[in-house]
Amino acid sequence: MRRLFGAAAAALLLAACKAPAVRSTASASMSVEQLAAAVAEDARRSDTETDGKIREQLAADAGRDAQACLERAPQAAACLYYRAIALGLEARAHPLRAGEALKSMLDALSGAEAADAQIDEAGPARVKALVLVKAPAWPLGPGDPEAGLTSARRAVALKPQYPPNVLALAEALAKTGDSRGARESYGRARDLSQALPPARDRDDWLRQAEQGLGKLATPEH
């Protein structure tokens with residue numbers, strides 16, 4: 001979830017995150033683009049946050065901004081997509097409510113994909129794939145690895161050079177038992193990441209690819 005908006009916007013939103021009361025008031029006057037960026041920043045912070053209370057606050061902030069976005073533009077791809085991201089943060093922060101949140105997340109992702117499948121480098125299909133692959137299956141959750149694999153293939157078809165899409169495909173292939181295909185995809189994601197300029201995201205993608213290859217090298221694979 002760490003991508004999309006420039007450094008200036010991220011810095012402004014990070015400052016807003018440090019002052020919840022100010023941000024709560026500001027949400028009412030923010031544009032769709034600003035609200036989407038605010039949710040994206042909350043997701044970036046949550047990715048590395050270890051304090052559960054802070055994750056809960058980030059999830060609450062993201063949920064409020066995503067709802068404000070939908071009130072302004074109910075059918076906008078950005079609002080639907082970042083509503084889904086906010087629901088993912090809620091599921092992480094409140095595990096007992098995760099099943100319901102993840103189902104709603106998948107609905108929002110379907111709407112976002114229908115509105116604009118290209119948003120966030122094919123984000124709706126990629127994120128949907130990861131939810132379907134990682135979530136527990138019915139009756140505990142909405143998990144469906146085969147459907148996740150189909151969604152991951154859509155993401156790669158739309159944006160084949162974006163490493164997270166290829167990583168999602170690799171994870172889906174591994175989950176559905178195609179170790180050879182998963183190994184090839186992890187290798188592809190590593191190569192694509194290595195071709196990019198040094199950056200935090202690039203390093204994270206490389207780490208994920210190497211970890212995936214390492215798991216597939218164990219005897220059970």
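This is a predicted model: local features need pLDDT of at least 70, side-chain atom pairs count only at pLDDT 80 or more; totals for chains, interfaces and linings use all residues.
Colleague: Where is the place of Ala 37?
Modeller: Residues are numbered from 1 along each chain as its sequence is written, and side-chain values use heavy atoms, with hydrogens and water left out. Helices (H or I, at least four residues) and strands (E, at least two) are DSSP runs numbered from the N terminus. On that basis, Ala 37 sits within residues 32–48, in helix H3.

Colleague: Is Ala 37 buried or exposed?
Modeller: The cut-offs, for a 1.4 Å probe and protein chains only, are under 20% relative accessible area for buried, over 50% for exposed, and partly exposed in between. Ala 37 has a relative accessible area of 5%, so we call it buried.

Colleague: How many Å separate the C-alpha atoms of Ala 37 and Tyr 82?
Modeller: Along the chain, these two are 45 residues apart.

Colleague: How many residues of H5 are buried?
Modeller: H5 has 17 residues and reaches 24 Å from first to last C-alpha, close to the 24 Å expected at 1.5 Å a residue (the expected span is 1.5 Å times one less than the number of residues). The helix is mostly covered, and of its 17 residues the buried ones number 13.

Colleague: How far apart are the sulfur atoms of Cys 69 and Cys 79?
Modeller: A disulfide here is a pair of cysteine sulfur atoms within 2.5 Å, and the count comes to 1. Cys 69 lies in helix H4 and Cys 79 in helix H5, so the pair ties together parts that are 10 residues apart in sequence. Both cysteines are buried. Their sulfur atoms are apart by 2.0 Å.

Colleague: Why is the disulfide of Cys 69 and Cys 79 given a handedness, and which one?
Modeller: Look at the torsion about the S-S bond. For Cys 69 and Cys 79 that torsion is about -70 degrees, so the disulfide is left-handed.

Colleague: What kind of pair do the rings of Tyr 81 and Tyr 82 make?
Modeller: Rings of Phe, Tyr and Trp (its six-membered ring) pair if their centres lie within 6.5 Å; planes under 30 degrees apart count as stacked, over 60 as edge-to-face and the rest as tilted. The whole structure holds 2 aromatic pairs. Both Tyr 81 and Tyr 82 are buried. Their ring centres are 4.9 Å apart with planes at 75 degrees, so the pair is edge-to-face.

Colleague: How many residues apart are Tyr 162 and Trp 205?
Modeller: The rings of Tyr 162 and Trp 205 have centres 5.5 Å apart and planes at 75 degrees, so this pair is edge-to-face. Tyr 162 is in the loop between H8 and H9, Trp 205 is in H11, and the pair links distant parts of the chain. Tyr 162 is buried at 11%, and Trp 205 is buried at 9%.

Colleague: What is the relative accessibility of Ser 193?
Modeller: Ser 193 is in helix H10. Its contacts (heavy atoms within 4.5 Å) include Trp 205 and Leu 206, not counting residues up to four places away in sequence. Ser 193 counts as buried, with a relative accessibility of 0%.

Colleague: Which residue does a cis peptide bond join to Trp 138?
Modeller: Most residues other than glycine have a negative phi, and most peptide bonds are trans. Here, though, omega is about 10 degrees, and the cis bond joins Trp 138 to Pro 139.

Colleague: What is the phi of Asp 120?
Modeller: Asp 120 lies in helix H7 and counts as buried at 7% relative accessibility. Although Asp 120 is not a glycine, its phi is positive, at about 50 degrees.

Colleague: Over which residues does pLDDT stay under 50?
Modeller: The chain averages a pLDDT of 89, and 86% of the residues score at least 70. The stretch that stays under 50 has 40 contacts beyond four places in sequence in the model, and it covers residues 1–22.

Note on methods
pLDDT is the predictor's confidence in each residue, from 0 to 100.
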